[in-house]
Amino acid sequence: MAKFVLAGKADCPYFAKAEILADFLQRNLPNFSIHKIRQQPKDWQRWLEDTCGQNGWKHEASPIVWRELIDRGGRGLLLGGFSDFLEHVQGYYGITPDMSTALMLEIATENQQAVELCRKEEKHHRSLIQPKHIWISSSLNLTCYHLIPLLCDPEVLCDIPALWLHLLDVDGSIAALEGLRMEAEDLACPRIHQVSVHTCLDHAFLHAHVVVFLDELNPDQEEDEERTLLRKTVEHFQCYGQLMEAEACKDVRVIVAGNSFINLKVSVLLENAPSLDSSHFVGIATQLESEARAQIAQKLKVKSADVRDVIVWGNISGSFHIDLQRSKVLQFESAVWGPPGFSLPVPEMIFDQKWLESDFLNFVGSQRTTVTSKTQRTAALSAANGIAAVLKAWDSDSTPGELCSLGVLSTGQFGIPAGLVFSMPVSFQGGSWSALPDITISEELQSNLQAAANQLRAEKGIASGVLSGQS
């Protein structure tokens, strides 16, 4: 079997002549096969350069012809242009084409019209799909790498049939972003309609339906490190908030994740996007929850998934408090057993109060640093899984009795000052979250909440100074 590939500009008369000759050979020779590739004139040069680069060929004009070595493997064998193809046909098959210039031009015009019609039909087909735009900032963060496959799960963002992923990384390498885009496309996920990469903020968050912020900034100098980092963070997220105010959908859902100033980032975004629904801005505390559940599971010798309903209060990346008053454990070997789904209160199963009051909190606080030191990379798996879990609950509702901890704008719940972005226990129903009503606030817990509120007020005070142009 002789299989040839003929490619060229749709409006090229020599491509038209080669096409007629190839069609004639395919009709009359049982072992001759031709595959034709028509390219728009504006796309031809780039396509030709890419094809030649991949195969190690040198060719500059339209058309280009090569033979596929289907029985031998390996890359194709370049014949060359129209004259080379004509010479090959004459030498092997003894056929010389006879075509007038007028007919060549007529066929070239028909080719161009056919390609244009196909392009319009494809554009119309794409317009009918109407994908939702998902923006991920700092996309070269390892968390994004693990998050993209999770977005392919039909239970995550289940109300969105098609996703248009926008991978944004202002300080990132365009080559690295292109590589990430190619990997995302290689997933062959039916839900992913298109993947775009962005290294500048022009039209950032345009038509955004969901935005996930993964940004982690570094100070320019070691002196006054935390304050410098805080100021840079505020300036960065002020810009993000203004862009979302101008470009995002009015019902956009915003998720902030990371290791530093999560509550503050949410607060700055809210202040700079006043027309957007404040209840759609959340900071992720699920990674802290998972780390706490893992420590409890290790202590009780169960799986991490068997520990449920751990609450994270306060400043997610600062002064936080782990609350076990609603926590429960399944599959725990004790004197009391029950049917599948039976659970026991965690505080009653852990008799080592000293461990709970000291080692437990220390282990949770250092878990991410320990993982990073061992793997030499950020703890991204649990972060990505936490983001996906929140997106899933947001659309599909929480199961009865299930809770998660989110940094949300306080309206005075649990005695928390209104106007602060504060981590608290919530559940999702009907596409929105609500704070759990039956939570006991002990004196000790109230003291911890007050300490977190004071820290958040201090951060917000510095942020207000930055936003108002004060030093």
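Is Phe414 buried or exposed? Phe414 is buried, with a relative accessible area of 16%, where buried means under 20% relative accessible area, exposed means over 50%, and partly exposed lies in between, with a 1.4 Å probe and protein chains only.

The views below come from a predicted model, in which local features need pLDDT of at least 70 and side-chain atom pairs count only at pLDDT 80 or more, while totals for chains, interfaces and linings use all residues. Residues are numbered from 1 along each chain as its sequence is written, and side-chain values use heavy atoms, with hydrogens and water left out.

View 1. Phe414 lies in the loop between strand 16 and strand 17, and has a positive phi of about 55° although it is not a glycine. Helices (H or I, at least four residues) and strands (E, at least two) are DSSP runs, numbered from the N terminus. Leu420 lies in the loop between strand 16 (404-409) and strand 17 (421-429), and counts as buried at 6% relative accessibility. Leaving aside residues up to four places away in sequence, Leu420 touches Val408, Leu409, Ser410, Ala453, Leu456, Arg457 and Lys460, a contact meaning heavy atoms within 4.5 Å. From C-alpha to C-alpha, Leu420 and Ala383 are 23 Å apart in space, and they are 37 residues apart in sequence.

**View 2. Packing of helix 5 and helix 12.** The axes of helix 5 (residues 142-151) and helix 12 (residues 381-396) are 8 Å apart, and the two helices pack at an angle of about 40°; axes are lines fitted to C-alpha atoms, for helices over the stretch in contact, and angles run from 0 to 180 degrees between N-to-C directions. On the helix 5 side the contact includes Thr143, His146 and Leu147, and on the helix 12 side it includes Leu381, Ala384 and Ile387. By class, the contact of helix 5 with helix 12 has nine nonpolar, three polar and no charged residues, where Ala, Val, Leu, Ile, Met, Phe, Trp, Tyr, Cys and Pro count as nonpolar, Asp, Glu, Lys and Arg as charged, and the others, Gly among them, as polar.

**View 3. The largest nonpolar core and Ile387.** A nonpolar core is a set of buried Ala, Val, Leu, Ile, Met, Phe, Trp, Tyr and Cys residues joined through side-chain atoms within 4.5 Å. The largest nonpolar core has 55 residues, of which Leu151, Leu157, Leu167, Trp313, Ile387, Leu406 and Phe422 touch the most other members. Helix 12 supplies the largest share of this core, seven residues. Apart from this core lies another, of 54 residues, among them Val254, Ile296, Val307 and Leu344. Not counting residues up to four places away in sequence, Ile387 touches Thr143, Leu147, Val212, Leu214, Ile255, Ala257, Ile284 and Thr286.

**View 4. Aromatic pairs.** The structure holds 16 aromatic pairs; rings of Phe, Tyr and Trp (its six-membered ring) pair if their centres lie within 6.5 Å, and planes under 30 degrees apart count as stacked, over 60 as edge-to-face and the rest as tilted. Tyr14 and Phe82 form a tilted pair, 5.6 Å centre to centre with 50° between the planes. This pair links distant parts of the chain, with Tyr14 in helix 1 (residues 13-28) and Phe82 in helix 3 (residues 82-93), 68 residues apart. Tyr14 counts as partly exposed at 46% relative accessibility, whereas Phe82 is buried, with a relative accessible area of 10%. The ring centres of Phe205 and Tyr240 are 5.6 Å apart and their planes stand at 80°, so this pair is edge-to-face. Phe205 lies in the loop between strand 7 (192-198) and strand 8 (208-213) and Tyr240 in helix 7 (residues 225-247), so the pair ties together parts that are 35 residues apart in sequence. Phe205 is buried at a relative accessible area of 0%, and Tyr240 is buried at 2%.

View 5. Most residues other than glycine have a negative phi, and most peptide bonds are trans. A cis peptide bond joins Ser62 and Pro63, with omega about 0°, and Pro63 lies in the loop between helix 2 (41-55) and strand 3 (64-68). Lys301, although not a glycine, has a positive phi of about 60°. Lys301 lies in the loop between helix 9 (286-300) and strand 11 (307-308), and is exposed, with a relative accessible area of 75%.
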